[in-house]
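Here is a short report on one protein model. Keep the sequence and the 3D view at hand as you read.

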Amino acid sequence: MCIRDRYMGSIAVIGGQRIKNIVHVVLNNEAHESVGGQPTVGSKISFEKLAKACGYGQAFTVKTKEEIAEAVKKCTNENGPSMIEVKCCMRTRGNLGRPKQSPKENKKEFMEFLSL
C-alpha cells in the first residue's frame, strides 16, 4: 500500500500502528511549490531519522533513479512500515492545471466510489 501525505502527524500514527505493507513516499523539494515555491524546513529535517524514531521498520533517503529502485526493492519485505524520502528539485510543467473540483466535491465523489 502506498500513501500520499502532507501532514507530519501521520508519520507518528503510521509508525505506531506498525502496519507492514505501507510504503510512505515523501517527495521533498524543500518548497511549497504548488503555491509559489516558498521554502519549507524540508532541508533541515531528516525524514529518515524521523520515520525510524516514530517506529518505521526502515527508511531511506534517495536522490537518483537507481537509489529509488533499490529502496523500493528493500521495502517489499515484511519489515514495514517503510519510508522513502525522495530528494527532488522544484520543477513544474508549464501546463500543469489546477484542481477543478472543490474539496467538498472530491469528498462526495470519493464517498460515492466507496458506496458510502
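The report below covers a strand pair, a residue in a strand, a loop residue and a helix.

## The model

This is a predicted model. Keep that in mind for each value that follows.

Start with strand E5, which spans residues 58-62. Of its 5 residues, 4 are buried, so the rest of the structure largely encloses E5.

Strand E5 pairs with strand E6. The pairing is parallel and runs over 5 bridges. Look for Phe60: opposite it stands Ile84 in E6. There is also a helix to find here. Helix H3 covers residues 65-74. Together, E5, H3 and E6 form a right-handed β-α-β unit.

## Ser82 in strand E6

Ser82 belongs to strand E6, residues 82-87. Is Ser82 buried or exposed? Its relative accessibility is 1%. The cut-off for buried is under 20%, so Ser82 counts as buried.

What does the side chain of Ser82 make a polar contact with? The partner is the side chain of Gln58, at 2.9 Å. Gln58 is also on the list of residues that Ser82 touches, leaving out those up to four places away in sequence.

## Asn29 in a loop

Now move to a loop. Asn29 sits between strand E2 (23-28) and strand E3 (31-32). Its relative accessibility is 17%. Buried means under 20%, so Asn29 counts as buried.

A polar atom of the Asn29 side chain lies 3.0 Å from the backbone nitrogen of Ala31. Asn29 also touches Cys88, Cys89 and Met90, with residues up to four places away in sequence not counted.

Helix H1 runs over residues 9-17. Which residues of H1 are buried? They are Ser10, Ile11, Ile14 and Gly15. View H1 down its axis: these buried residues fall within an arc of 135°, so they line one face of the helix.

Next, turn to the face pointing away from the buried side of H1. It carries the exposed residues Gly9, Val13, Gly16 and Gln17. Just past the end of H1 comes Arg18. Arg18 takes a positive phi of about 55°.

Methods: Residues numbered from 1 in each chain as written. Predicted model: local features only at pLDDT ≥ 70, side-chain atom pairs only at ≥ 80, totals over all residues. Heavy atoms only, no water. Helix = DSSP H or I, 4+ residues; strand = E, 2+ residues; numbered from the N terminus. Buried < 20%, exposed > 50% of the residue type's maximum accessible area, 1.4 Å probe, protein only. Polar contact = N/O pair within 3.5 Å; in protein donor to acceptor, adjacent residues only side chain to side chain. Contact = heavy atoms within 4.5 Å. Pairing = 2+ DSSP bridges. Right-handed = clockwise from strand over helix to strand, strands pointing away. Arc of directions from axis to C-beta.
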